[in-house]
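This report looks at selected packing features of one model. Keep the sequence and the 3D view open while reading.

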Amino acid sequence: MLFKLALATVLLGYGSAYGAEIFANDLVEKAKAEGEVVWYSTLPLPETQAWAALFTKKYGIKVSLFRAGATAMTQKLQTEIPAGRWGFDVVMNRASNLELYRRKNWLQKMNYPERHRFLDGFMDPDDYWAAYYIQFWSVAYNTNMVKPNDLPKSYEELAHPKWKDKLTMDEQDVDLYATWLKLMGRDKGREWFKKLVANGLRPRRGHTMEAQLVSAGEFALGISAYASVIENIRAKGAPIDWVAFEPVPVNVLAWGIGAKPPHPNAARLFLYWGLSVEGLKAMNEISDRVPARRDVPIKNKRLERMMQWKLAPVDMAIADRYAEYNQEFLALLGLKN
């Protein structure tokens with residue numbers, strides 16, 4: 001028994017309590033017998049493939065992938081599950097979407113034993129989803145077009161006429177819109193956003209696209225940029241950087257196990273490995289994404305310092321009125337739902 005406990009610790013990089021839990025249920029052996037895990041991911045495909053390959057190399061379990069954006073992922077589940085098709089084992093999306101899935105009974109409890117190692121507020125208190133990583137929403141700027149003295153110092157300054165027709169954002173960021181309303185107050189925040197649109201805010205789809213357009217000079221500022229995405233592009237020599245304003249809005253990217261997974265043991269092992277120090281460190285090495293787990297080193301020191309700032313994670317209460325927020329957000333942007 002002691003040998004098994006020690007072996008579990010080596011395999012998963014956890015403490016003995018976690019190792020005991022794994023081997024008491026023969027989880028690794030059962031997962032290997034299933035031989036496959038189906039992962040519905042919202043990560044960019046190269047990251048998804050690189051990270052899944054590490055799990056396969058470690059356990060010999062195939063990871064079958066489906067990749068889609070946040071909105072498309074929810075649409076896929078809304079089509080499949082009512083038709084009785086449970087094609088996924090593990091699903092990833094924004095935490096607000098995972099909360100919607102939980103409320104629709106599309107997820108099961110994770111029974112995850114190391115919840116205490118994560119930042120407060122980044123795990124579902126009822127144990128149905130966990131933060132895989134967090135994203136600091138920031139304002140990206142083209143360093144050839146915006147000089148340091150001209151940088152905005154608050155979100156309110158983004159409505160200044162000098163930024164007319166120079167702003168873009170991800171048209172899927174209803175979570176950020178809801179967070180802005182909470183931080184500013186609903187009426188004030190809504191009026192501020194209307195000013196941005198009147199000032200020529202032009203939405204585009206995807207944070208990577210947002211960053212690429214700013215670095216290419218099509219826009220001076222990207223107001224919903226993920227700091228880690230900008231860091232990756234900046235490291236390659238692109239003329240782009242970012243600033244953030246406290247309290248910093250933080251998007252929570254989460255995942256959970258389907259209520260009826262085709263491979264239940266492989267699903268649990270995959271999720272547990274993904275939340276381990278080993279799994280999250282690998283994710284950070286691949287893409288600079290910031291884990292919400294306290295004991296995982298962060299290679300990018302600018303992002304590491306952000307962990308000490310005042311953070312404002314997406315309020316899961318958005319799930320109560322998600323359709324309303326989304327309809328309002330898209331209507332203000334002049335887009336159809």
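## Basis

Contact means heavy atoms within 4.5 Å. The model is predicted, so local features need pLDDT of at least 70, side-chain atom pairs count only at pLDDT 80 or more, and totals for chains, interfaces and linings use all residues. Residues are numbered from 1 along each chain as its sequence is written, and side-chain values use heavy atoms, with hydrogens and water left out.

## Nonpolar core

A nonpolar core is a set of buried Ala, Val, Leu, Ile, Met, Phe, Trp, Tyr and Cys residues joined through side-chain atoms within 4.5 Å. Buried means under 20% relative accessible area, exposed over 50%, and partly exposed in between (1.4 Å probe, protein chains only). The largest core has 116 residues; Trp39, Phe136, Phe193 and Trp255 touch the most other members. Strand S5 (residues 130-142) gives the most to this core, ten residues.

Beyond its neighbours within four places in sequence, Trp39 contacts residues including Trp51, Val63, Leu65, Met92, Trp255 and Phe270.

## Aromatic pairs

Rings of Phe, Tyr and Trp (its six-membered ring) pair if their centres lie within 6.5 Å; planes under 30 degrees apart count as stacked, over 60 as edge-to-face, the rest as tilted. The structure holds 29 such pairs. Tyr40 and Phe66 form a tilted one, with ring centres 5.2 Å apart and planes at 55°. Tyr40 sits in strand S1 (residues 36-41) and Phe66 in strand S2 (residues 62-67), so the pair ties together parts 26 residues apart in sequence. Strands (E, at least two residues) and helices (H or I, at least four) are DSSP runs, numbered from the N terminus.

Tyr40 is buried at 6% relative accessible area. Phe66 is partly exposed at 27%.

## Helix H8

Helix H8 (residues 186-198) has 13 residues. Its buried residues are Gly189, Trp192, Phe193 and Leu196. They cover an arc of only 100° around the axis, which puts them on the same side of H8; the arc is that of the directions from the helix axis to the C-beta atoms. These buried residues pack against strand S6 (167-170), helix H7 (174-184), strand S8 (221-226) and helix H14 (322-333).

The face turned away from the buried side carries the exposed residues Asp187, Lys195 and Ala198. Just after H8, Gly200 takes a positive phi of about 100°.

## Glu99

Glu99 lies in helix H6 (residues 95-103). Glu99 is buried, with a relative accessible area of 5%. Not counting residues up to four places away in sequence, Glu99 touches Asp124, Trp129, Met316 and Ala319.

Notes
The expected span of a helix is 1.5 Å times one less than its number of residues.
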